[in-house]
Every structure is written in structure tokens, then in C-alpha cells.
Amino acid sequence: MRTSNLTREEALKLLKKYNKESFHIQHALTVEGVMRWYARELGYGDEEEYWGITGLLHDIDFELYPEEHCIKAPELLREGGVGEDMIYSVCSHGYGICCDVEPVHEMEKVLFAADELTGLIWSAALMRPSKSVEDMELKSLKKKFKDKKFAAGCSREIITTGAERLGWELDELLEKTIQAMRDCEAQVAAELPAVLE
């Protein structure tokens, strides 16, 4: 069983040391919530804290060191007392993009696949009258996915590769990640103002 040697409070403090922009913090909280949902959904409930904290810290270096994303992360994480297994997991989401750390464990494959996808889903949610994932349907997300101009920064190739690495159909990844974001949306919205203080 994989366990975190940081509490969530310590992980949040570490995140805030290097991330100040609300966009980055909201993304970190969202990916944390999505990873926690997936841990429970896929039968890793006893590792939920590990999955969640890995999600929370996955972009720790991106705001300050975008050119060294996943390269600078190990140094920042080690200074914060993060264990080597979690450092590996964090870096693996940049596989083939900014580093050569390959996602091996199912959790790492989920992070690789869901990270980009949460950005696409959030962008699609903001276009809805509700500004929420709550009423989003798979077919409307698939339309946005096919429109390469929409949220162009969210790599469709990474999302597709992520689904393949998990052995899932793309629709399954999209549907599950919508559910995961729906599950944590209200909590992220409630927590964000306090985290930004």
C-alpha cells in the first residue's frame, strides 16, 4: 500500500509556497479531488490520501518554473519532505512532454490521463450557462474534444494516449472524469477562497 509521508495540510502549505495564482491552485485542488474519486472508484480506497496528495502537488513547479516543469519538481518536493515514490508519481504525468519518467502504477496512469482532461472539462464547463460540470453530458464534451481550436492548450493526444495506457475506451475516461469533477466541484469552490488567503 502506498502512503504519503506528508499530511494534506503540509502538502497544501508546500503547494502555496510555490503557487499563488488562483488558476494554478484551483487546478491543483481539482486534480486532487479527481484523484481521490478515482482511488475510491478503482478499488484503491486505502490509498486515497496518497492519490489525492500526488494530485495536489503534481504541478508544484509549473507556476514558477514552466520551462523546467517536472525537472524542478523533485528538488522542491524533496525540500518539502516528500518521499521518492510520490516524487516519481508526480513527475510521471509529464512523460513524453517534459520528462522521461514513465507512468507505471495505475494511479500514475490515471494522473497522466486525467490532468490534461480536467483542463478541457473545466474550459467546457465555463462555456455552459451553469458554469458547472454538474449538468455536463458526455456528448457535449466529445464535441469540444473534437474541436481542436477549443481549449487548444489541452492536448488531445495526451488524453487519448492516457486512455490507451489505462486500457480504457476514450469515452470511459471522459465519462469517469466528468463524474469525478462533478463529485469534487462544490468542495473545490468552497475551499479555494480560504487557500488563496
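Which residues of helix α1 (residues 8–18) are buried?

1. The structure under review is a predicted model. In helix α1, the buried residues are A11, L12, L14, L15 and Y18. Viewed down the axis of α1, these buried residues fall within an arc of 160°, so they line one face of the helix. The other side of α1 carries E9, K13 and K17, which are exposed.

2. The partners of this buried face are helices. The buried residues of α1 pack against α2, α3 (48–57), α4 (73–79) and α9.

3. The buried residues of α7 are L138, L141 and F145. Because they fall within an arc of 65° when seen down the axis of α7, they line one face of the helix. The face of α7 turned away from its buried side bears the exposed residues K139, K143 and K146.

4. As to what lies over the buried residues of α7, the cover includes α6 (106–126), α8 (156–166) and α9 (170–196). Helix α9 is also among the elements against which the buried residues of α1 pack.

5. The largest pocket holds about 630 Å³ of space. Its lining comprises 28 residues, of which F23, H27, D59, D115 and G119 lie nearest the centre of the pocket. The elements that contribute two or more residues to this lining are α2 (22–41), α6 and α9. Helix α6 gives the most, with seven residues.

6. The lining of the largest pocket has 13 nonpolar, eleven polar and four charged residues.

7. The elements that give two or more residues to its lining are α2 and α9. Helix α2 gives the most to this lining, with six residues.

8. Which residues line the second largest pocket? They are R8, L29, E32, G33, R36, W37, R40, D183, C184, Q187, V188 and E191. By class, the lining of the second largest pocket divides into four nonpolar, two polar and six charged residues.

Key:
Residues numbered from 1 in each chain as written. Predicted model: local features only at pLDDT ≥ 70, side-chain atom pairs only at ≥ 80, totals over all residues. Heavy atoms only, no water. Buried < 20%, exposed > 50% of the residue type's maximum accessible area, 1.4 Å probe, protein only. Helix = DSSP H or I, 4+ residues; strand = E, 2+ residues; numbered from the N terminus. Arc of directions from axis to C-beta. Contact = heavy atoms within 4.5 Å. 1 Å grid on protein atoms, 1.4 Å probe; cavity = no way out; pocket = protein on both sides within 12 Å on 5 of 7 lines; lining within 4 Å. Points joined across faces, edges and corners; volume = space filled by probe spheres on them. Nonpolar A, V, L, I, M, F, W, Y, C, P; charged D, E, K, R; others polar.
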